Amino acid sequence: MAANWSDFLDALRKDLSSEHIIEDLTRRRAMGVDASFYSLVPKLVLQLDDIYQVQYAVKMCYRFSIPLTFRAAGTSLSGQAISDSVLLTLSNKWRGHEILDNGDRIRLQPGVIGADANRYLAPFNRKIGPDPASINACKIGGIVANNASGMCCGVANNSYHTLHSMEVMLADGTILKSDDENSIRAFRESHKKILDGLEELARTIKNDSHLEELIRHKYRIKNTTGYALNSLIDFNDPMDILIHLMVGSEGTLGFISEITYNTVVEHQHKASGLYLFATAEQACKIVGALSGLNVDAVELMDQRALDSVKGKPGLPDSFCDNNDSCTALLIETRAVNEGELFNQMDEIVSLLDANQPLQKIAMTSDPQVSAELWAIRKATFPAVGAVRPVGSTVIIEDIAFPLDKLADGLNRLHQLFDEYSYHDAIIFGHALAGNLHFVFTQSFDEEQEVQRYHAFMQAVAHLVAVEFEGSLKAEHGTGRNMAPFVELEWGSKAYDLMWRVKELLDPKKILNPGVILNNNQEAHIQDLKSLPKANSIVDACTECGFCEPVCPSKNLSFTPRQRIAIWRRINDLRSKKDDSNALELRELNELEKQYDYLGIDTCAATGLCAERCPIGINTGDLVRELRAERRGKMGEIIASSSAEHFSGLTKAVAGGLTLSSSLSKVIGSKATDIAGKALHYGSGKAMPLWYSEWPTRAKKYATNGNAQDNLEKLIYFPSCASRNMGPAANSAEDRSQLEVTSAVFAKAGYQLILPENIAGLCCGMPYNSKGFAQNAEKKGKELLNALDVVSEQGKIAIIFDTSPCKLQLQEWSHQLPIYEINEFVAQFVLARLDIQPIDEPIALHITCSSQKMQLAPYLRQIAHSCSTQVIEPEDTACCGFAGDKGMFVPELNASALQNLKQQLPNNCTKGYSNSRTCEIGLSHHSGIEYQSLMYLLDRVASAAI
């Protein structure tokens, strides 16, 4: 292997550049983390841009017999996406999509996030069939490879049954396009042995009626255990068999480089209700009856699941703390129109009420109530994770019982929980498909705990697969956790067929070895992940990866999940440093050294990750704490001094802007950018990166003129950024944001009043982002006191023109009537204006703070009032400018916005947002000028008559 490995690396380097080959331990360890409770450190990570690079890498692995594992989002729960050999990941260039046949089909690359696919289809009232709970984070490659389904998908709408066509790469690097006649013809000639082999396997099944009936039985319910043997009886053409075998194969048979789905209808009219019944038997009997009605989803929750989310909005206390036998059903029905929906609701309600529920939230089409009910259901899994003991992990397994055995199966599971002392275990699931998830906490720190888990899984496997003839895996893929039990569920004949499929398509067994098929009967208790205590802010993290899509540094350095995982490793190595060997000491040194940049310096610390985290972890809080520790006492002294002399500091900044903009106007934009790079990199990044989109110094402008009785008074607090930063040096606009805002509000009948001594006031955000919490609090409370006075103790509304300022002050739970400017304008100002929208495309950026404060609808309302064409580019959840990060760590801003420019049409010449610093980076990387949304509103609005 050693010689092979060296030759393999040499071969890779001939065609792949160093940016695609990741060899350093820090990033290998970070990128090897997935959502499962297993851990392997890849020997090499490849991050590739296109199909040709993947093909080359696969061919080299095949040539040198090097094991290879494919990774999409890494949200899989059973260890399918980890490796101790080569881990092949995809860069963000795999996000292509094409809408076909007016939305009836959609072609997707494997890097597309599931929720984005549905967003593309939304205008056509269509969606993809699979609807996994992780759809906001998981990617199409993983959805197909695991045959993931979800709450409303059932069996009929999973990837297997909604597959139209596929582009797949086999272990030898051959690419097959199943909707391309030329590709099919060539494949039939070059890989006749494989196709003949698949036909032979199909004949073997059809000549064994017992085996054929077993396969049919297994797929009447949800089943992702093992390979999709149903393809061998569902299809006659071996080409169809082949592409359907790829669904659910977890990267063990080939690489799925593209899939075309037949989409399903997304009904706009929906109703939901929650009903609690006295026993599992009663609830499951009703599920059987509901299956005959127009019902789209029935989610079962046992009493312990309900208790785990007690206090959740929309869940009455009467649903909680009942007898353990109580079982709840969350029901949803959908229809093409309101009349049909009400008819379906009447049928469902009649059935439910006739069965005398203990408690109910009756079926309703109220979207807010429905959203709360589904939020209750989705909160059950993270609720267990949030309260688990530090160092333990959360395990979730998904099984399926025949529907007529669902109640017995549920009760027997409860008995196993008690027998093996899993007293925190809860059960929920997709009852129409007989699919139950059970969740519990498990520690692997001691051998007796490992053996307890081993014995429990043996008991579960026998209960589900043998006694009840169900599925050990219903929708999460087989993975490492169930691979040792595949033969137990399927029997030796079917298991032998699966091995023959593997050997036919992957003769060297290099693709994701040990996953799906594994003769090691203890594979599920090996390579277990350690989650040691690291910091109370992040100790509850389950490493699910839901945070990653919105992280601005995801394509540059670490994601929140990776920051946490590596910080855990660093602390674990530190705790046993005295007993460490040379390898561990070397690893600790490397991790600590690289963490400064990868973990701390390149974190935007905006906390957007907390919005996606199921348990609300803000990794930015950890990073700010680490920044404060790193700066030490001298940093505190400097921060305190600047806070005390904030007015002088802002004057110095304004002076610098005057100098830079004056020089930029003289030498021109191109020379400015060249000189700026030279200064920045020549100073070792001590100097900020100066470029032509840098702002000029804002004009001095006083709004506290003579009081006008005919105008309503508002307190206006411009941020330190907008007070000092005017338009860019190369902008045709010369008015400051204060001038423009004042003009807009005057048209609506408002006069803006500024607090006294405003130059020294600050919300504290600049200090908070750098980890100086005390200074941030001091400045924030100083501002609140000033606003309290000028607003006459909150009698006058207060407007902030920059969203992060309002968010920062929320830290101290004040009672002042503070509005972000777009929030106030949308609610009170638009109605006072006469607006003539422009028929021009504009770009809109929703800042992190706006997203966190749920302000996005207000910005969209204003933008759509002002323009008939509003564009919100994808993958720019956070711009990465992050205060001054865009100046001192500009690569973070560049990485976060790398796809921005290409997503804007050529005739889009203006962009708008609500944070002056964000607008600098957005302008620089888009090629168009971004400004406050108030500039656009001022352009199109006049006073209403």
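Colleague: Is W5 buried or exposed?
Modeller: This is a predicted model in which local features need pLDDT of at least 70, side-chain atom pairs count only at pLDDT 80 or more, and totals for chains, interfaces and linings use all residues. Numbering starts from 1 along each chain as its sequence is written, and side-chain values use heavy atoms, with hydrogens and water left out. Buried means under 20% relative accessible area, exposed over 50%, and partly exposed in between (1.4 Å probe, protein chains only). W5 has 10% relative accessibility, so the residue counts as buried.

Colleague: How many aromatic pairs does a search of the whole structure find?
Modeller: Rings of Phe, Tyr and Trp (its six-membered ring) pair if their centres lie within 6.5 Å; planes under 30 degrees apart count as stacked, over 60 as edge-to-face and the rest as tilted. Over the whole structure, the aromatic pairs found number 30.

Colleague: What kind of pair do W5 and F8 form?
Modeller: The ring centres of W5 and F8 are 5.4 Å apart. Their planes stand at 50°, so the pair is tilted.

Colleague: Which helix holds W5 and F8, and what is the relative accessibility of F8?
Modeller: Helices (H or I, at least four residues) and strands (E, at least two) are DSSP runs, numbered from the N terminus. W5 and F8 are 3 residues apart, about one turn, in helix α1 (residues 2–15). F8 counts as buried, because its relative accessibility is 0%.

Colleague: What kind of pair do the rings of Y420 and F456 form?
Modeller: Between Y420 and F456 the ring centres are 5.8 Å apart. With the planes at 65°, the pair is therefore edge-to-face.

Colleague: How many residues apart in sequence are the parts that the pair of Y420 and F456 ties together?
Modeller: Y420 is in the loop between α17 (406–419) and β17 (426–430). F456 is in helix α18 (residues 447–467), so the pair ties together parts whose separation in sequence is 36 residues.

Colleague: Which ring does the charged end of K508 sit over?
Modeller: A charge sits over a ring if NZ of Lys or CZ of Arg is within 6 Å of the ring centre and within 35 degrees of the ring normal. The charged end of K508 is 4.5 Å from the centre of the ring of Y62.
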